[in-house]
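Work through the exercises below with the sequence and the structure at hand. Try each task before reading its solution.

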Amino acid sequence: MSRRPGAAEPPAGGPRLGLALSGGAARAVAHIGVLQAFAAAGVPVDCVAGSSGGALVGALYAAGIPLAEIERLATSVRWADLVAFHLPRLGFLSSRPLADFVQGLIGDVTFSDLELPFAAVATNLATGERRVFTSGKVGPAVRASCAIPQIFSPCEIEGELYVDGGVVEFLPVGALAAFAPAITVGVNVGAARERVRRPRHIMQLIMQITAVVARQNMAASEAQADVVLRPDLASFGPFALERAQDMIAVGREEAERCLPEIQDLLARRPSPLHRLTSGLKSLRP
């Protein structure tokens, strides 16, 4: 696996900045542009949480794959590389190739093997509860997080069936609590409302229903973040991988617009351990 050159270890005082990457199907490639802008400005990302497509990008980044390589993959991969057609039972498509794709890039690794703390969000199909994966194998967790209901078959992990994390937490700011970062930044690639059209086929119908569900939890997640980036991707379809380069550029532009606010927060807000240490000092006689 090709590691990101010069990747820094998480700060000893605890994570400063946690990044939550939303779902959005193909639109999730805009997260790459956000990460590029942060890297160019020297803004460190200390932990990552991802839901659905954001889990795929987040896993590759947390594994240390160079951003240039992630961009190359995004602009060359096709849906046929990530899914397999099969007779409908619990879904039209199997996402097993997606797990194989991730494993082929980062290896058959566990969360503890990653360079950065990473969480993938999925939805337990039986209970409807959120599961935040921070341990175990990375590939199956990402597959589960990306399993859009009805389109993809659910993913079975430890005897439980899981579907897309966006059903319960489209923008996984809450999942970052597992790492307790000082600053939380959410990237919501589904924030811009596209003009609703009458669906022409079952896939469009399912994606519109999924978007309605995601909007129900989106606002609550944004309220938990210190900063929210909202790349305007309304003109891009949810399956438009052929326009990956353009979506990456939109993500980069939105991140550059928000960088002054993020840099100001980094300058003013200490790490969680620093806050605890300062509090203990204040209690000394």
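**Exercise 1: A helix and its buried side**

Task: In this predicted model, list the buried residues of helix 9 and find what they pack against.

Solution. Step 1: go through helix 9 and pick out the buried residues, which are Ala-244, Met-247, Ile-248, Val-250, Gly-251, Glu-254, Ala-255, Cys-258, Leu-259, Ile-262, Leu-265 and Leu-266.
Step 1: look for their surroundings. The buried residues of helix 9 pack against strand 1 (17-21), helix 1 (30-41), helix 3 (67-76), strand 10 (183-187) and strand 11 (227-229).

**Exercise 2: Length and bend**

Task: Compare the span of helix 9 with the expected value, then locate its bend.

Solution. Step 1: helix 9 covers residues 244-268, which is 25 residues.
Step 1: at 1.5 Å a residue, 36 Å is expected. From the first C-alpha to the last, helix 9 reaches 35 Å, close to that value.
Step 2: follow the axis to Cys-258, where helix 9 bends by about 45°. A proline, Pro-260, follows within four residues.

**Exercise 3: Strand 1 and its partners**

Task: Describe how strand 1 is covered and which strands it pairs with.

Solution. Step 1: count the buried residues.
Step 1: sort them by direction. Leu-17, Leu-19 and Leu-21 point one way, while Gly-18 and Ala-20 point the other way.
Step 2: take the pairing with strand 10, which runs parallel to strand 1 and is joined to it by 5 bridges. Here Leu-17 stands opposite Ile-183.
Step 3: take the pairing with strand 2 (residues 47-51), also in the parallel sense, over 4 bridges. Gly-18 has Cys-47 as its bridge partner in strand 2.
Step 4: Strand 1, helix 1 and strand 2 make a right-handed β-α-β unit.

**Exercise 4: Burial and cysteines**

Task: Why is helix 6 largely enclosed, and how many disulfides does the structure hold?

Solution. Step 1: in helix 6 (residues 138-145), 7 of the 8 residues are buried, so the rest of the structure largely encloses this helix. They are Val-138, Gly-139, Ala-141, Val-142, Arg-143, Ala-144 and Ser-145.
Step 1: Cys-146 counts as buried because its relative accessibility is 8%, under the 20% cut-off. Cys-258 has a relative accessible area of 5% and is buried too.
Step 2: a disulfide is a covalent bond between the sulfur atoms of two cysteines. The structure holds 0 disulfides.

How values were computed: Residues are numbered from 1 along each chain as its sequence is written. This is a predicted model: local features need pLDDT of at least 70, side-chain atom pairs count only at pLDDT 80 or more; totals for chains, interfaces and linings use all residues. Side-chain values use heavy atoms; hydrogens and water are left out. Helices (H or I, at least four residues) and strands (E, at least two) are DSSP runs, numbered from the N terminus. The expected span of a helix is 1.5 Å times one less than its number of residues. The bend at a residue is the angle between axes fitted to the seven residues ending there and the seven starting there. Buried means under 20% relative accessible area, exposed over 50%, partly exposed in between (1.4 Å probe, protein chains only). Contact means heavy atoms within 4.5 Å. Two strands pair if DSSP finds at least two bridges between them. A crossover is right-handed if, with the strands pointing away from the viewer, the path from the first strand over the helix to the second runs clockwise. A disulfide is a pair of cysteine sulfur atoms within 2.5 Å.
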